[in-house]
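Trainee: Hi, could you walk me through this one? I'd like to go over it together.

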Protein chains: 2
Amino acid sequence: MDIVADELIEARWVLPVQPWQVIEHGAVAVRNGRIVAIGTAAELAPRVAASRVTRLPEHALMPGLINAHAHAGMTLLRGYADDLTLMRWLQESVWPAEARWVAPDFVRDGTRLACAEMLRGGVTTFSDMYFFPDAAIAAAQRAGIRMVAGLVLLEFATAYARDAAAYLHQGLAARDRWAGASNLHFTLAPHAPYTVSDDTFTQVATYAAQLDLRVHIHVHETRDEIEQGLAQNAERPLARLRRLGLLGPELIGVHAVHLADAEIALLAEHGAALVHCPVSNLKLGSGVARFADWLAAGIPVGLGSDSVVSNNRHDLFAEMRMAALLAKGVSGDASVVPARQALHAATLGGATALGLGAETGSLEPGKAADLLAVDLGGADSRPLYDPVSQLVYVAGREQVSDVWVAGERRVTGGCLQTDDAAELIALATDWQLRIAADRPSPDNQRGRTRS
Amino acid sequence: MDIVADELIEARWVLPVQPWQVIEHGAVAVRNGRIVAIGTAAELAPRVAASRVTRLPEHALMPGLINAHAHAGMTLLRGYADDLTLMRWLQESVWPAEARWVAPDFVRDGTRLACAEMLRGGVTTFSDMYFFPDAAIAAAQRAGIRMVAGLVLLEFATAYARDAAAYLHQGLAARDRWAGASNLHFTLAPHAPYTVSDDTFTQVATYAAQLDLRVHIHVHETRDEIEQGLAQNAERPLARLRRLGLLGPELIGVHAVHLADAEIALLAEHGAALVHCPVSNLKLGSGVARFADWLAAGIPVGLGSDSVVSNNRHDLFAEMRMAALLAKGVSGDASVVPARQALHAATLGGATALGLGAETGSLEPGKAADLLAVDLGGADSRPLYDPVSQLVYVAGREQVSDVWVAGERRVTGGCLQTDDAAELIALATDWQLRIAADRPSPDNQRGRTRS
């Protein structure tokens, strides 16, 4: 017994992701929140002195899923505005609702609901972009989920800040207040090319370099954004970011639905990362991003849910499956994006894109013990010829049985350990009633029939 | 009390589908397997003398889902061949495995597994196309699910039949043997234009007219099929079906990924129906069918899972969500295929396409009590602004709590009443071990890493 561990977790299949292999009857040893050993159970059991042994006989044990793009604070608006064209969605539903409701308590409670949903669904890290990051961070810390807090910046006033300088100031102040918190990381998050000025982008580039922060930004989400950029600046938004010094390894570009070949090559050459949000891109009618081409170019790619106003789930199993299926369907080649690549994007790809590749995303000694067990023992998962295929094409988040963040159990037997379901339901319902009561009259709504 | 019922089911929301409305605090009364009344609980409770009252306070009660295209007998090959180009998928995996394994016991056990999965996921009717229909029907009857048995025909020999005449003979004999069985319907199912001759199609048309059977066929699934048809017959497959007398209200065309405007108009004009299998079409790289255009043309449209070798779930919630999302994504218009249309296709659209529109697909007095309750009370379903949005964009099949087929409860509290989960798992695992052991050597397989 040469390895001391707090917990030894044995599972039918262990997927380290890096290196890529499937360990049959595998095991992972965890100590002080970190992985200390991985191998077959037969190898590890005699070598590990563990305070606790967990056996998962029908389960796949894998790295926790990374939701590389979310607006968790919007969760209280889940399903508030569906089936609307993008401009009606924004102008008639999302922006007015945000103007009315966004405040620290709304962000805190929405993020709390989102964290519960994500943890139960096997997400151990999420990268967020929203207002009032203090409130969101407080919710994530309480839930015990790893968070990359995006310090949002834009030019126009909201309840959170009056101008870009104030956004930056408040964001950095929040970062200072949470210095030393565990499972917490930061990005600068200028909202999008069409909402941020050249001056602000230049400042973002300076701060990103000085503070060693990545830059998390929506980019090339729609054709309109690109056309508007061309009209206003005589350049495509990505070219503008490049001119302003933001095209580098610190860039995390989200959506990127519309990229030319040369732009993909440029992103790859500069070491920038991308985040694919396939469900949101479909639901808002933005199109289908060139996920397979990004991977082929060697770009680090993560998957994201976006907000539940455009999804309407924080469900990385759904994104993983959709990413693989869409890539095949639009290319006409069923061998494009095999299950393995989708699973990689949902784990190590996302971690790498967020700059956390040394901390999480794979089961390697020294990394944080961010882990997920998926029960593949049910009849709907049978027969099982390949656990990776089953995880991507068959499994749903409801099969997640156990989740650890930095070695701490957050979900056990499918039940969240860090929050109370009844309390969450009451909280969400209370908000729902207030928000629905305050909604503009039905005449302003689309023609849903209600009894 | 002027209505006598075996069961009165009260739910937070009742969705009859026809007429389209959401009844808040609704109720459905069932007698002798049929719906006898529907309305608000306040209206019905004083009028109905029910032997049993079921209250579902957080649930949506809706028509059972219709899986309008499946090959249930292939379920023992779930995940057997993923991420392969269509021709490798067929030639190197599916056809050899079928040649080796397809026999009555394989079909019976696979169909049994599929029926369990479908019922737990809220599917009350499935339309099947596979060999050995006797074995499949026996499994469906045991499960208590409504089945449309497709009597398959093709030209080449299998373990089931040696030529088209034998297929037809055996299919019609099976139909005779099951005459009088409840919850059972039939179609003639010529496999596809590229596997069936002109003579056989002419015979199919004659029998369809004489026996009042619909014709269930794969058509225009891939560009190759159309090009091959043009090369061999100097006409597109749909034109050939028309020439052979098969383009009429009896036609149920499956996949139809590649249709020209004129073909859509022609199908609509002749009253033919289509089945959209969006997940399978993506996974096999076939493309994206013009679902929104079909609906706009007034074609009756259902949704199907296809087999779990190309899906890998029999999950109509996944198809419904995918159908809505894809239509938006490929059109660039988020208002295309609103939740309501997707839900209609998964229920009454499917029933109408199958010729069962008078029997199932909506909650109307006189129809069979094929019902489904979805629990929308969980935290992941909150907040809830619109139950239809929640059913399509948020809900998963794991939220199905109760299912009735012809008034008989098949699922209660998420548990299947008509089969034993442990037995199913053992059965599927036994087949899996035999099939995997017999698989061609790994050298013939794609480069999956296994430990």
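Mentor: Happy to. A term to start with: a residue is buried if 20 or more other C-beta atoms lie within 10 Å of its own, exposed if 12 or fewer, and partly exposed in between, with C-beta atoms placed from the backbone. This is a predicted model, where local features need pLDDT of at least 70, side-chain atom pairs count only at pLDDT 80 or more, and totals for chains, interfaces and linings use all residues. Residues are numbered from 1 along each chain as its sequence is written, while chains are lettered from A and ligands numbered from 1 in the order in which they are written.

Trainee: Good. Is B:Ala351 buried or exposed?

Mentor: B:Ala351 is buried, because 31 other C-beta atoms lie within 10 Å. B:Ala351 sits in helix α13 (residues 339–353) of chain B; helices (H or I, at least four residues) and strands (E, at least two) are DSSP runs, numbered from the N terminus.

Trainee: And what is B:Ala351 in contact with, sequence neighbours aside?

Mentor: Beyond four places in sequence, the contacts of B:Ala351 are B:Ile66, B:Leu356, B:Gly357, B:Thr360 and B:Gly361. Contact here requires C-beta atoms, placed from the backbone, within 7 Å.

Trainee: Where is B:Gly73 found?

Mentor: B:Gly73 lies in the loop between β5 and α2 (86–101) of chain B. B:Gly73 is buried too, with 31 other C-beta atoms within 10 Å. Leaving out neighbours within four places in sequence, its contacts include B:Phe106, B:Tyr130, B:Phe132 and B:Ala136.

Trainee: B:Ala136, which other residues are buried with it in α4(B)?

Mentor: In α4(B), B:Pro133, B:Ala135, B:Ile137, B:Ala139, B:Ala140 and B:Ala143 are buried along with B:Ala136. The cover over the buried residues of α4(B) includes α3 (104–120), β6, β7, α5 (164–177) and β8 of chain B. Just after α4(B), B:Gly144 has a positive phi of about 80°.

Trainee: Let's turn to the sheet. What is the strand order in chain B?

Mentor: Eight strands of chain B make an open sheet, β5-β6-β7-β8-β9-β10-β11-β12, with parallel pairing; two strands pair if DSSP finds at least two bridges between them. β5 (65–70) and β12 (301–303) of chain B are at the edges with a single partner strand each, so one side of each has no neighbour in the sheet. On average, neighbouring strands of this sheet are turned by 25° against each other, direction ignored.

Trainee: Which strands does helix α4 of chain B touch there?

Mentor: Helix α4 (residues 133–143) of chain B packs on the sheet and touches β6 (123–130), β7 (146–153) and β8 of chain B; its direction makes about 175° with that of β7(B). Axes are lines fitted to C-alpha atoms, for helices over the stretch in contact, and angles run from 0 to 180 degrees between N-to-C directions.

Trainee: Over to chain A. How many residues of β13 are buried?

Mentor: Strand β13 (residues 371–375) of chain A has five of its five residues buried. A:Leu371, A:Ala373 and A:Asp375 point one way, and A:Leu372 and A:Val374 the other way. β13(A) pairs in the antiparallel sense with strand β4 (residues 48–63) of chain A over five bridges, and with strand β14 (residues 400–405) of chain A over four bridges. A:Val374 stands opposite A:Ala60 and also opposite A:Val400 in β14(A).

Trainee: Now the two chains together. How many residues are in contact?

Mentor: 64 residues of chain A are in contact with 64 residues of chain B. On the chain A side, α15(A) gives the largest share, eight residues. By class, that side of chain A has 31 nonpolar, 18 polar and 15 charged residues. Ala, Val, Leu, Ile, Met, Phe, Trp, Tyr, Cys and Pro count as nonpolar, Asp, Glu, Lys and Arg as charged, and the others, Gly among them, as polar.

Definitions and conventions. Contact = placed C-beta atoms within 7 Å.
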